[in-house]
Amino acid sequence: GSITGTDNASVARACGRLFPVPGSTAATTERVPVPVLLIGKSGVGDAIDSFNINATYFSHRNVPVLGAIFNKMNLEGFYSLENCKDAIDMYFDKFQPDKRAFGYIPQIPALTNARENVASISQEDQLKEAVKSADLFVEKFAEHVSVDAIVDAARKATLRYIQSTTSTQNGETVSGTKRPAEEIGVTKLANNNDQSKHPRIALKSAA
């Protein structure tokens, strides 16, 4: 779909539910993009970098990003699930506080090469094995992923999007998002001589 201009961000926007836009002269409606949950790879550095690349693109398209689930984590070694979980959770807490990692799914040995392992058996038996594999994955998913937290985060992200879109306040907005500037903690620079890395915005002071 991407080569024809229909990427995942476009799908998320098209699949969102409609809500009325108040204050318009006609019965105007807009769609709330479906909030996105990214599936990340194992490891730490590459996993975080890949998440940031994808999350930045969706955010640029005004599609809310909830966070990620990290998949196929090693059970042992330096890059074990527990070690990676600690590092990635620390990253989200410090640099992505409005997002989170909702779970870490370990490698499941029984599912390794599952498709190749059933290639020589009958279609009926393949279907039975596929159902067993799906049941096993669902079991592991429920064990390692906070599904309730995902649903709650999606509900809140949808509400924030509607509120920011329909807000009649005079708050400024920041390019690339419909969230008010005050909400994400930035203000216009009062002095053009400020040597901020980002000349158009500056972090609010803690005072």
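Lys85 is partly exposed, its relative accessible area being 30%; buried denotes under 20% relative accessible area, exposed over 50%, and partly exposed the range in between (1.4 Å probe, protein chains only). The model is predicted, so local features need pLDDT of at least 70 and side-chain atom pairs count only at pLDDT 80 or more, while totals for chains, interfaces and linings use all residues. Residues are numbered from 1 along each chain as its sequence is written, and side-chain values use heavy atoms, with hydrogens and water left out.

**Salt bridges**

- The structure contains nine salt bridges, each defined as a side-chain nitrogen of Lys or Arg within 4 Å of a carboxyl oxygen of Asp or Glu.
- Side chains of opposite charge can pair when their charged atoms come close.
- Lys85 takes part in a salt bridge with Asp89, with 3.0 Å between the closest N and O atoms.
- Both Lys85 and Asp89 belong to helix H3, four residues apart, or about one turn of the helix; helices (H or I, at least four residues) and strands (E, at least two) are DSSP runs, numbered from the N terminus.
- Lys41 and Asp46 are joined through their side chains in a salt bridge of 3.3 Å, N to O.
- Lys41 is partly exposed at 41% relative accessibility, and Asp46 is partly exposed at 45%.

- Asp152 and Arg155 form a salt bridge through their side chains, at 3.6 Å from N to O.
- Helix H6 (residues 147-166) holds both Asp152 and Arg155, which are three residues apart, about one turn of the helix.
- Arg155 is exposed, with 53% relative accessibility, whereas Asp152 is partly exposed, with 31%.
- A network of salt bridges links Asp152, Arg155 and Lys156.

**Nonpolar cores**

- A nonpolar core is a set of buried Ala, Val, Leu, Ile, Met, Phe, Trp, Tyr and Cys residues joined through side-chain atoms within 4.5 Å.
- The largest nonpolar core has 21 residues, of which Leu38, Phe51, Phe58, Phe70, Ile88, Phe92 and Tyr104 touch the most other members.
- At least two residues of this core come from each of helix H1 (8-14), strand S3 (36-40), helix H2 (45-60), strand S4 (65-73), helix H3 (81-95) and strand S5 (100-106).
- Apart from neighbours within four places in sequence, Leu38 has contacts (heavy atoms within 4.5 Å) with Phe51, Asn54, Ala55, Phe58, Val65, Gly67, Ala68 and Ile69.
- Ile69 belongs to a second, separate core of nine residues, which also includes Val145, Ala149 and Ala153.
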